[in-house]
Amino acid sequence: KLMRQIRNISDFFLYFASNFGLDKYEKKLLYVGLFFQIIYFIYIPILFECDAASYFNSAKEILPYIEGSYNFDRGPFYPVFLILTGSIFPGTLSILLILQFVLGVYSGILFYKICSLFASDKYSFISSLILILSGLMLFGVKQILPYQFFLFSFFLCIYFFIKIIKFRNKYDVYAFYIIVCVSIFIRWEIQILFIVSTIFLLLLNIRHKLIFSILFSTALTIFVMFFYTILKFLVSNNPDHIGKIHMHSGSQIFWNIYSAAYPYELNGEIKNTSLVFKKNGPNTQMMYDILLKRLNKNNTLFESEKQWLSKEKYHSRKILEGEKKFVYYHLYDQYKSNPKALVDKIFHTDGYRSSNIEYNGFYLPFIVRQLKNEIGEKDAQNLLFKASYEAIVSNPGLYVKRRIHNFISFFNFNYLSTSTFYSLKTEYITIAQPYNLANCASDTLSSIAMNEYDFDRY
């Protein structure tokens, strides 16, 4: 019986590996993807923003003798991967970038494999070629974020999901759920795919023997996720983690809703709009009141943001001097004697095209922190979620435009310009991040990695 189990496991891995061979079309896609990935790799600079710093600090916390802080809102896959690739110690980004390069190239081939399950080789090849040329699979090669891993794992999930429907092979079921489980720990959003696909597969195979493999794999995936929440509890000593894969969904959704919605052109400059206005409803009004109450009690509360924003340059066509050259002055310091004006600005009471709105993402840590301090973590998350829902319901047209804009921007398409596509002379829209934003790179990276970052950015 033991030998049979070992043989089954061996057969599964052989079957899994057999999915990654290359036919003649896939070899052509390999050469095309390789060519364009090299171009992107040379042209696009390394992107290291504060989200990347969060993953690095989590990885440092895992290792002994290195000071860090674990962020339970992030999946554990990428921090572990940073450790395995030597990004933390000895501290080089080279191995990580090479692996992301390979994933970008192979993602185009994986898309072909997906298409070939329900279309001809010719149409699959053309579709994959279009996808590669769009850059969607390639631009994340030098982002120090789990984008490439997420995209690759998502395609892999879709590939085995379609194979289950088409061939009803139990090995495809096992492969699908293994990849789904890994993908969940890359980005929590894959839980939606896990739930929807499981319901579909159960209904499809309710009278088929494959249902036992689906039920077993589903139960095992749920067990792994629940076990992870137990580990979080044991590490943090916070019982609220038990049974919760993610505890801060409210602030994460609010970040997405608040930071930017839809671009518009004003005097030759592209600015962004926001969905969060004071007039949206009672939950947004409650947030407004809480912040105003706390600032009226202590109008220096926002000085907590000075350290990371006082060196961030404020972009303007005007010549600015002194403290006006930096974001901190425009977002906070100029309102130090007028708390109401600051809160009005944060919640855009003068309309969604408020001044400084292109920097409004910098208000988010302050908003979330003050809500937590006033009403507690749990109630703050609930309020942020309700305010996010309120923003979407109050501005459905703007929200849809924002989602369309985000999708189109991945293809480097600029529908606000007569030139149609962004020129290579300009910074690529999907990685338009300043050098060493808020000092996150210099405060986080090792000397070796910082030298690599500096070399690549200049």
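**A tour of the predicted model**

Residues 24 or more positions apart account for 67% of the contacts (heavy atoms within 4.5 Å) with a separation of 6 or more in the protein chain. This is a predicted model, in which local features need pLDDT of at least 70 and side-chain atom pairs count only at pLDDT 80 or more, while totals for chains, interfaces and linings use all residues. Residues are numbered from 1 along each chain as its sequence is written, and side-chain values use heavy atoms, leaving out hydrogens and water.

Select the whole chain. There are 20 helices and 2 strands, taken as DSSP runs (H or I, at least four residues; E, at least two) numbered from the N terminus. Of the 458 residues, 47% are buried, that is, under 20% relative accessible area with a 1.4 Å probe, protein chains only.

Colour next by pLDDT, the predictor's confidence in each residue from 0 to 100. The chain mean is 86, with 89% of residues at 70 or more. Helix H8 (residues 170-184) has the highest confidence, at a mean of 97, and strand S2 (residues 269-272) the lowest, at 56. Then select residues 415-430, where pLDDT stays under 50 and the model has 38 contacts beyond four places in sequence.

Finally, select helix H11 (249-259) and helix H17 (377-394), each of which supplies at least two residues to the lining of the second largest pocket. H17 gives the largest share, 4 residues.

Definitions and conventions. Buried < 20%, exposed > 50% of the residue type's maximum accessible area, 1.4 Å probe, protein only.
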